Amino acid sequence: MRTVALVVVFLAGVTTAAAAQSALKDAYKADFVIGAALNEAQITGQDARGDAIVEAQFNSISPENCLKWERVHPQPHRYDFSIPDQYVAFGEKNRMFVVGHTLVWHNQTPDWVFRDGKGKLLGRKALLKRLRNHIYTVVGRYKGRIKSWDVVNEALNEDGSLRQSLWLKIIGESYIAKAFRYAHEADPTAELTYNDYNIENEVKRAGAVALIKKLKAEGVPITTVGIQGHYTLDSPDLKLLDEGIDAYSKLGVKVAITELDVDVLPRKNLPVTADIAVNLAQDPALNPYVNGLPDAVQQQLAERYAAIFEICLKHRGTVDRVTLWGVTDADSWHNGWPIRGRTAYSLLFNRAGKPKPAYDMVIQETGR
Ligand code: XIL
């Protein structure tokens with residue numbers, strides 16, 4: 001027994017030492033780029049420890065919030081590029097693949113966008129003009145520098161139909177094609193993505209496939225499908241991810257996993273979603289790991305991450321990027337969603353900035 005235990009300790013030590021010398025971006029160099037979403041503290045240099053992890057481990061970055069409409073264009077005649085400029089400069093300094101997120105969404109978009117000076121809903125033409133100006137201004141500013149834009153985010157309902165957002169209500173379904181065309185006009189070299197959650201799942205996937213087919217048939221310049229990848233320990237069945245990547249690949253688009261994380265916290269009866277509008281009541285029973293994650297769950301998390309990367313590796317060539325939605329567990333949006341004030345363990349680095357067993361297993365998955 002004792003020998004076995006010693007061997008296990010020894011092997012664990014070797015694994016960690018190997019991981020300390022390795023980097024995600026190097027392990028996956030031949031396969032796809034590996035990204036992380038950056039928050040404001042990381043973009044502005046206030047989180048030096050986080051920045052060091054990003055620089056050592058990742059070769060792509062996404063902006064967690066700073067390029068969303070409410071941040072970059074808070075008022076009709078005011079754009080705020082102070083944080084986005086630093087974000088893009090950070091990526092360029094480190095020769096990273098810089099992603100833009102997101103141009104058209106129903107969330108984190110100010111209400112004035114859809115209204116005239118008197119508060120009345122705009123007509124189709126006026127809203128299209130506003131959308132074009134926004135896209136030309138934001139995409140145009142970073143032309144040739146932001147390499148990939150999430151053009152439209154979350155346009156689909158769970159049943160695969162189009163979400164009844166104000167974009168759809170006012171413009172009609174052509175808002176999607178228009179947004180892609182405007183983005184392409186503003187930067188013809190940028191990759192352009194349709195990004196959504198749960199589009200692995202069969203019913204919603206059928207809606208996404210139909211949408212992308214239609215866009216392609218109309219000559220709309222879409223290059224990529226972004227599968228957000230906000231997962232839990234047991235959902236979705238990864239067979240759906242495997243099939244989903246296949247289905248999108250057959251349409252002639254690339255696939256990126258754009259917002260990967262794995263929530264280990266209980267969700268009660270909440271169906272798996274990434275709808276940021278959800279806000280459930282706090283309950284200590286739903287925040288079970290305040291003092292640390294039990295080893296068994298840590299191991300489950302590691303295996304889950306390894307299985308996700310195994311599928312991405314299988315589809316190398318179609319999957320050209322896997323981006324984690326945050327750097328350390330302390331940064332994860334799961335600390336505040338779908339319930340405020342919880343202690344989340346969704347990412348590959350712990351609160352001390354150290355690689356977790358999940359990190360080691362993701363590295364080992366490449367077999368290099
Ligand atoms: C989240 C951010 O992580 C949070 O900081 C913010 O409060 C809400 O939005 N899908 C998306 C992302 O496309 O933009 C969301 O990001 C997570 C779900």
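## Gln-298

Leaving aside residues up to four places away in sequence, Gln-298 touches Leu-293, Lys-356 and Pro-357. The model in which these contacts occur is predicted. Gln-298 lies in helix 12, which covers residues 295–314. The relative accessible area of Gln-298 is 16%. Because the cut-off for buried is under 20%, Gln-298 counts as buried.

## Confidence

The chain has a mean pLDDT of 94. A value of 70 or more is reached by 94% of its residues. Residues 1–19 have pLDDT below 50. Beyond near neighbours in sequence, the stretch of residues 1–19 has five contacts in the model.

## Ser-22

Ser-22 sits in the loop between helix 1 (2–21) and helix 2 (24–27). With a relative accessibility of 21%, Ser-22 is classed as partly exposed.

When residues up to four places away in sequence are not counted, Ser-22 touches Gln-57, Tyr-359 and Ile-363. Ser-22 and Phe-114 are 92 residues apart along the chain, and 48 Å separates their C-alpha atoms.

## Helix 7 and helix 9

Two packed helices are described by the angle between their axes and the distance between the axes. For helix 7 (residues 124–141) and helix 9 (residues 174–186), the angle is about 35 degrees and the axes are 9 Å apart. The crossing of helix 7 and helix 9 is right-handed.

On the helix 7 side, the contact is made by Arg-124, Leu-128, Leu-131, Arg-132, Ile-135, Tyr-136, Val-139 and Gly-140. They meet Ser-174, Tyr-175, Lys-178, Ala-179, Tyr-182, Ala-183, Glu-185 and Ala-186 of helix 9. By class, the residues of the contact between helix 7 and helix 9 are ten nonpolar, two polar and four charged.

## Helix 10 and helix 11

Helix 10 (residues 202–217) packs with helix 11 (residues 238–250) at an angle of about 15 degrees, and their axes are 11 Å apart. Helix 10 is therefore roughly parallel to helix 11, since angles under 35 degrees fall in that class. The crossing of helix 10 and helix 11 is right-handed.

From helix 10, the residues in contact are Glu-202, Arg-205, Ala-208, Val-209 and Ile-212. Their partners in helix 11 are Leu-240, Glu-243, Gly-244, Ala-247 and Tyr-248. The residues of the contact between helix 10 and helix 11 comprise six nonpolar, one polar and three charged.

Terms used
Residues numbered from 1 in each chain as written. Predicted model: local features only at pLDDT ≥ 70, side-chain atom pairs only at ≥ 80, totals over all residues. Heavy atoms only, no water. Axes fitted to C-alpha atoms, helices over the stretch in contact; angles between N-to-C directions. Helix = DSSP H or I, 4+ residues; strand = E, 2+ residues; numbered from the N terminus. Parallel < 35°, antiparallel > 145°, perpendicular 65-115°, else oblique. Left-handed = near helix turned anticlockwise from the far one by under 90°. Contact = heavy atoms within 4.5 Å. Nonpolar A, V, L, I, M, F, W, Y, C, P; charged D, E, K, R; others polar. pLDDT = per-residue confidence, 0-100. Buried < 20%, exposed > 50% of the residue type's maximum accessible area, 1.4 Å probe, protein only.
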